[in-house]
Amino acid sequence: MTAEPSRSVKPLRASDADREAVVEQLREAAAEGRLDLDELDTRLGLALSAKTCAELAPLTEDLVPVTVAAGEPLVLNGGVHGASRSGRWKVPPSIRAHGGVGGVRIDFTLADCRWREIELDVHGDMGGVKIVVPQSWTVQTEELSLGLGGLRNKTTDDSAPGAPLLRLTGSCGMGGVTVRHPNFRERRKLRDTRAH
């Protein structure tokens, strides 16, 4: 009987968008006076040559606020016609999503996120809440009440060190909550968007 070869978990490869996001964050930190020009130059070089998300994470670790800042949460109400947030947008540390009848869709794929942890308080209601997160993000669902609609968590455990944690609270309601990574069509559209 032969032993099965052990399958080592390979580090998540960094995309052009991952590198660009780190470069942008480093430039903003320098503009705010949190990095001097020599340190900026060193970190930019490392960011542009990074092959994996694990190589990118330490470059911004000391620049990302660890605690959630006070302030009003972003509120998305599905109402009758539905609501969505996608494309390029700034992620606040706290979001409330009420599915209503029309449902809510939140896509974090191209979003600018500066937080280590985002609290997303969902209320599926009748329309439900659909959430799309980058492959590198971690999703925590232990505090979420399943309600009648239940939770469909299609995310994988390929999170990268230092990547945001999305903490879901609230209730799935009748419409349910779905959380997943971008599908093939969405990934192809993302590649086309980044190419232009």
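**Reading helices, strands and burial**

Tutor: Start with helix H3. Among the elements that cover its buried residues are helix H1 (16–31) and H2. Contact means heavy atoms within 4.5 Å. This is a predicted model, in which local features need pLDDT of at least 70, side-chain atom pairs count only at pLDDT 80 or more, and totals for chains, interfaces and linings use all residues. Residues are numbered from 1 along each chain as its sequence is written, and side-chain values use heavy atoms, leaving out hydrogens and water.

Student: Which residues of H3 are buried?

Tutor: Buried means under 20% relative accessible area, exposed over 50%, partly exposed in between (1.4 Å probe, protein chains only). In H3 (residues 53–60), the buried set is Cys53, Leu56, Ala57, Leu59 and Thr60. They sit on the same side of H3, because their arc around the axis is only 160°. That arc is taken from the directions from the helix axis to the C-beta atoms.

Student: How are helices and strands assigned?

Tutor: They are DSSP runs, numbered from the N terminus: helices are H or I with at least four residues, strands E with at least two. Helix H2, for example, spans residues 37–49 and holds Arg43.

Student: Is Arg43 buried or exposed?

Tutor: Buried, because its relative accessible area is 10%. Beyond four places in sequence, Arg43 touches Leu26, Leu35, Leu59, Asp62 and Leu63. A polar atom of the Arg43 side chain lies 2.7 Å from the backbone oxygen of Leu59. Leu59 is also one of the buried residues of H3.

Student: Which strands pair with S5?

Tutor: Two strands pair if DSSP finds at least two bridges between them. Strand S3 (residues 94–98) pairs with S5 (residues 117–123) in the parallel sense, over five bridges. Here Ala97 has Val122 as its bridge partner. S5 also runs parallel to strand S10 (residues 165–171), joined by seven bridges. In that pairing, Ile118 stands opposite Leu166.

Student: Where is Asp125 found?

Tutor: In the loop between S5 and strand S6 (129–132). Asp125 counts as partly exposed because its relative accessible area is 32%.

Student: How many disulfides does the structure hold?

Tutor: Zero, by a search of the whole structure. A disulfide is a pair of cysteine sulfur atoms within 2.5 Å. As for burial, Cys113 is buried at 17% relative accessibility. Cys172 is buried too, at 0%.

Notes:
A polar contact is a pair of N or O atoms within 3.5 Å; within protein, one must be able to donate a hydrogen and the other to accept it, and residues adjacent in sequence count only if both atoms are side-chain atoms.
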